[in-house]
Amino acid sequence: MVSSRAGIRVLGDAEDVTSVPGDNLLNPDVVVLCLADDSRAAFEKLRRAREAFRASAILLVIGAISAGGTQRALKADVSGVISDDVTADELVEAIRHLSCGRRIVGTDIAVMGSAQTPNPLTPRESEILGLAAEGESPADTADHLHLSVGTVRNHLLSAVQKTGARNRMDAVRIARARSWL
């Protein structure tokens with residue numbers, strides 16, 4: 001679709017950044033990175049793309065985005081963020097803007113990013129609550145983050161109290177609903 005537009009040459013596409021040749025033969029002006037959602041795993045793809053294409057502008061095209069994911073996308077080291085429901089013409093226009101050195105944020109992304117409630121959780125509480133949301137136990141989280149299990153439980157308890165939740169899973173539900181995760 002993009003390659004059929006005048007003035008845009010597609011150098012290649014890949015299912016994952018790790019399948020792109022590592023010999024630096026590709027030096028695109030713009031890298032279009034499609035993320036199915038705004039999970040931490042999806043943003044790991046962004047980190048790998050940033051390493052692989054340091055000199056290129058990156059356009060994130062994100063589907064199923066929450067306000068919290070919008071904030072992560074807007075804070076990420078990218079030149080543009082749009083949702084995956086844009087038209088082909090809007091996608092091409094975004095690519096052209098980025099290739100000229102401009103930044104772009106889709107209207108729906110900007111609106112969602114501005115509607116977020118202030119997050120009372122510390123970055124560590126958010127990180128630990130996010131890991132709990134992904135099903136990690138306090139012991140696994142402690143090993144993963146090189147903390148004691150007691151410290152992890154204290155952070156989870158603090159997150160539960162700050163969200164006004166009944167328990168950790170309720171805290172996850174509330175934090176997601178308010179776009180804090």
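Helices α5 and α8 pack at an angle of about 110°, their axes 10 Å apart. Angles of 65 to 115 degrees count as roughly perpendicular, so α5 is roughly perpendicular to α8. On the α5 side, the contact is made by L129, A132 and A133. On the α8 side, R168, M169, A171, V172, A175 and R176 take part. By class, this contact has seven nonpolar residues, two charged ones and no polar ones. The model is predicted.

**Helix α5**

Helix α5 covers residues 123-133. Its buried residues are E125, S126, I128, L129, G130, L131 and A132. They pack against α1 (40-52), α6, α7 and α8 (168-177).

Leaving out residues up to four places away in sequence, S126 touches R40, N119, L121, W180 and L181.

**Strand β2**

Strand β2 spans residues 57-62. Six of its six residues are buried, so β2 is largely enclosed by the rest of the structure. In a regular strand, side chains alternate between the two faces of the sheet. In β2, A57, L59 and V61 point one way. I58, L60 and I62 point the other way, and all are buried.

Which strands pair with β2? Strand β1 does, in the parallel sense, and β3 also runs parallel to β2. The table gives the pairings.

| Pair | Residues of the partner strand | Bridges | A facing pair |
|---|---|---|---|
| β1 and β2 | β1: residues 30-35 | six bridges | L33 and L60 |
| β2 and β3 | β3: residues 80-83 | four bridges | L59 and G80 |

**Positive phi values**

Just after α5, G135 takes a positive phi of about 95°. H146 has a positive phi of about 60°, although it is not a glycine. Where is H146 placed? H146 is in the loop between α6 (138-145) and α7 (149-163). Is H146 buried or exposed? Exposed means over 50% relative accessible area. H146 has 73% relative accessibility, so it counts as exposed.

**In short**

Helix α5 has buried residues packing against α1, α6, α7 and α8. Strand β2 has six of its six residues buried.

Note on methods. Residues are numbered from 1 along each chain as its sequence is written. This is a predicted model: local features need pLDDT of at least 70, side-chain atom pairs count only at pLDDT 80 or more; totals for chains, interfaces and linings use all residues. Side-chain values use heavy atoms; hydrogens and water are left out. Helices (H or I, at least four residues) and strands (E, at least two) are DSSP runs, numbered from the N terminus. Buried means under 20% relative accessible area, exposed over 50%, partly exposed in between (1.4 Å probe, protein chains only). Contact means heavy atoms within 4.5 Å. Two strands pair if DSSP finds at least two bridges between them. Axes are lines fitted to C-alpha atoms, for helices over the stretch in contact, and angles run from 0 to 180 degrees between N-to-C directions. Angles under 35 degrees count as roughly parallel, over 145 as roughly antiparallel, 65 to 115 as roughly perpendicular and the rest as oblique. Ala, Val, Leu, Ile, Met, Phe, Trp, Tyr, Cys and Pro count as nonpolar, Asp, Glu, Lys and Arg as charged, and the others, Gly among them, as polar.
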